Amino acid sequence: MSENSKSQHASTQSHAASAIARDQQDAIAHLRDHYELPEDTIYLDGNSLGALPKAAKKRALEVVETQWGKDLITSWNKHAWIDLPMNVGDRIAPLIGAKQDVKNDPASAQVICCDSISVNLFKLLCAALSLNSDDGKRTKILSQCDNFPTDLYTVEGLQALIGSGKCELVLCEEEEIEQKIEELGDSLITVMLTHVNFRSGYIHNLPKITELAHQHGALVIWDLAHSAGVLPVNVDEHKVDFAVGCGYKYLNGGPGAPAFVYAAKRHHAKLQQPLSGWMGHAKPFDFAVEYQADSGIKQFLSGTPSVISMSVLDAALSVFDDVSIQQVRDKSMALTSFFQQAVEDADDLKGLKFASPALPEQRGSQLAYTHDKAYALCQALISKGIVADFRAPDIIRFGFSPTYLSFQDIFQSIETLKQVMRDKTYELPEFNRKQAVT
Ligand SMILES: *Cc1c(COP(=O)(O)O)cnc(C)c1O
């Protein structure tokens, strides 16, 4: 062995030992038992689609076989289908730091489960406009170029509908947000940002940006797609106005699981949202001709909840029953650091360029690397049981779900990654054909 390969070998041995030791000390390692994970797969894509909790599978069968199959329409009352949006909202609330006590005081609810992020953002943008147009003096919505595209498309849609004289999307770079808020000042309706960047994992300074926006009379809408269920947000403490989040990423609600809306209580009485439907009516079962919005968070509902999906999400959230979100965050930071360090130490991985913030405190639960052949590299890894994902144009993204990943999983992933890079497996033609979903 050459000196170099000796030192590489030693480094691998030390990472292997460290992974075992860390798993032994992991305070939330037992949460893995809540999941049904395929053997021979290490799943580093929970930031896109969370894995399957056993409770979710059980509920899916129960909802379909018993509730729908046998109890039919009586299930709306018998199995409380009608309360699902509020009840699921109530389970999500503590994960994002929204205080409420739905059992004793339904009017205290600030979080509700419904629709998709895209649809919910549209409602919130309109709500912000209804509260804060200042008789037409405020017209601008500030976001960043590298926001998740659907977030920007919803503003573009609203702008096309009501005209740029009333709603105009202004974009800037990530690092220019604060300066831009100062600049736009009293022409700003709202600042709309994604807390954790979907590509790089960069975390915005939510408390600071929220406060600055408020100083200029603007509202804030935070997209918590990559935050909810994996890091503390404390929406109430930081006086966030509105937020949305995703049910199928770290909350593990399954493909197409409904999203959620947070709207601070102080805004409920005055806001308006335009997708008025019967489920958002103060008394849906009066079947009145005229719409009268519910006075609380329910006014964000439009149509009938997707009962099967929402029930599955409800059950999936039981994973978080006995764990604090800070424990999840601590493990998340440890996992990303472990992976990052192992990549840095491996000679075989010099071809990967790190594209996330350097410190774990500054990033969410994912790591991005750039590589010319990122797409094919990702496909080659998947063929070997390591599931990561690709984001155009040249990013390979690894997501770390702390509730089901172990440090030994990370070690294994790195070993496979080294092999694929050494053998250049990604050059095979079969890994270079693009599929519909990346
Ligand atoms: C995943 C994701 C979405 C998804 O939006 P849907 O309308 O629920 O499909 C939106 N925004 C961000 C930042 C995301 O990461």
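Let me begin with a term: a residue counts as buried under 20% relative accessible area, as exposed over 50%, and as partly exposed in between, using a 1.4 Å probe and protein chains only. What we have here is a predicted model, in which local features need pLDDT of at least 70 and side-chain atom pairs count only at pLDDT 80 or more, while totals for chains, interfaces and linings use all residues. Residues are numbered from 1 along each chain as its sequence is written, and side-chain values use heavy atoms, with hydrogens and water left out.

I will start with the aromatic rings, where Phe, Tyr and Trp (by its six-membered ring) pair if their centres lie within 6.5 Å, and planes under 30 degrees apart count as stacked, over 60 as edge-to-face and the rest as tilted. By this rule there are 14 aromatic pairs. In one of them, Phe 285 and Phe 287 have ring centres 5.8 Å apart and planes at 85°, so the pair is edge-to-face; Phe 285 is exposed at 51% relative accessibility, and Phe 287 is exposed at 58%. Phe 287 also has a positive phi of about 50°, although it is not a glycine.

Turning to another pair, the rings of Phe 339 and Phe 398 have centres 4.8 Å apart and planes at 40°, so this pair is tilted. Phe 339 is buried at 0% relative accessibility, and Phe 398 is buried at 1%. Both belong to one aromatic cluster, together with Phe 354, Tyr 369 and Phe 400.

Finally, on the backbone, the peptide bond from Ala 392 to Pro 393 is cis, with omega near 0°.
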